[in-house]
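Here's a quick briefing to read alongside the model. Grab the viewer and follow along, topic by topic.

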Amino acid sequence: MASDDGSVGRNDDCPCGSGLKFKRCCMNKAQQGVVPDVAELYLRNYRIKLKTAQEIAGMKVAGRLVIDTLRKVEELIKPGITTNDINRFVHDYTIKNGAVPAPLNYRGFPKSVCTSINEVICHGIPSDRRLIEGDIINVDVTSILNGYYADANMTFFVGKCSEEAHKIVNVARESLKRGLAMVKPDNTIGDIGWAIQEYAEGMGCSVVREFIGHGIGKSFHEPPDVPHFGRRGSGVTLVPGMVFTVEPMINIGKRFLRVLDDEWTAVTRDGSLSAQFEQTIVVTENGYESITPYEL
Ligand code: MF3
Ligand code: CO
Ligand code: CO
């Protein structure tokens, strides 16, 4: 029953119409005065920093440079060049455009780009290794421009490649495409991984578990984690302004890996081919927009 002054008592029916007593329903919210907004909630509960329109605009400028760099790397790729040649190009081109190559000295990484050939899953270190006809090579570029990070990668063919090479590259590309198709408000992070795992394993391939997508913004890696496997409907609910990468690593053999003595190079345990595609994306009101767009 409402009190004499017209205010709602703790044992009254909640005015929100839930059928619960006020004390079991909206009383706490009323005491807090204001319901915290989504950005505050995501920061407090998940340490996820939703991005402002201005931050998204800044990241898109960095993203354009990353894709521009990858397109120029693609032209460079042919039998006979070394992965150090790719590193030199990416380093110089990044600097020339007023940006900084994020990998260089990141947790001790010694070069400006990751180059991962054949059975190398990720984090390959550029060296004097020459590309030879039939190789597949992933080039992963992350640039920092005006403080904003953008991260993307593609896997390229070196000359004419085997049927197996074409298969794993196509499955990896389609895995990213299917993961991204799940990105829209009210879906969850788990839906992305579920769609990727369902597809890639359905094609007889496997999904690497040890490396995952990540939030990104004014830092390289931040919450949320974005696994490329998992259960439908699990994990954090997607909301506009979330920015993260999706970057499934897909093996033609088993999913298990080993890290070489250089402490970076991750290779498939069974020596089978691995491929990857990565984009940085922002969740929008209707779905998503790529910060590092390219056709999949
Ligand atoms: N670009 C990678 C990613 O997609 C990270 C590379 S870390 C480095 O998250 F140190 F190896 F560069
Ligand atoms: Co990444
Ligand atoms: Co990357």
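Start with strand 4, residues 136-145: nine of its ten residues are buried, so the rest of the structure largely encloses it. Keep in mind that this is a predicted model. Strand 4 pairs with strand 5 (residues 148-157) in the antiparallel sense, over ten bridges.

**Around strand 4**

- Strand 1, residues 100-101, runs antiparallel to strand 4 and is joined to it by two bridges.
- If you want a landmark for that pairing, look for proline 101, which sits opposite serine 143 of strand 4.
- Strand 2 (residues 114-117) also pairs with strand 4, again in the antiparallel sense, this time over four bridges.
- Here the pair to look up is isoleucine 117 and its bridge partner in strand 4, isoleucine 137.
- On the strand 5 side, asparagine 138 stands opposite threonine 155.
- Strands 4 and 5 form a hairpin with two residues between the strands, and asparagine 146 takes a positive phi there, near 50°.

**Helix 5**

- Helix 5 covers residues 163-180, which makes 18 residues.
- Which residues of helix 5 are buried? The list is Ala165, Ile168, Val169, Val171, Ala172, Ser175, Leu176, Arg178 and Gly179.
- When you read that list, remember that an α-helix has 3.6 residues a turn, so residues three or four places apart point the same way.

- Strand 10, residues 249-251, pairs with strand 13 in the antiparallel sense over three bridges.
- Within that pairing, methionine 249 has glutamine 276 of strand 13 as its bridge partner.

**Ligand 1**

- There are 13 residues around ligand 1, and the ones that come nearest are Pro103, Tyr106, Phe109, His123 and Asp140.
- By type, the shell around ligand 1 splits into four nonpolar, four polar and five charged residues.

Technical notes
Residues numbered from 1 in each chain as written. Chains lettered and ligands numbered in written order. Predicted model: local features only at pLDDT ≥ 70, side-chain atom pairs only at ≥ 80, totals over all residues. Pairing = 2+ DSSP bridges. Near = placed C-beta within 6 Å. Nonpolar A, V, L, I, M, F, W, Y, C, P; charged D, E, K, R; others polar. Expected span 1.5 Å × (residues − 1). Buried ≥ 20, exposed ≤ 12 C-beta atoms within 10 Å, placed from the backbone.
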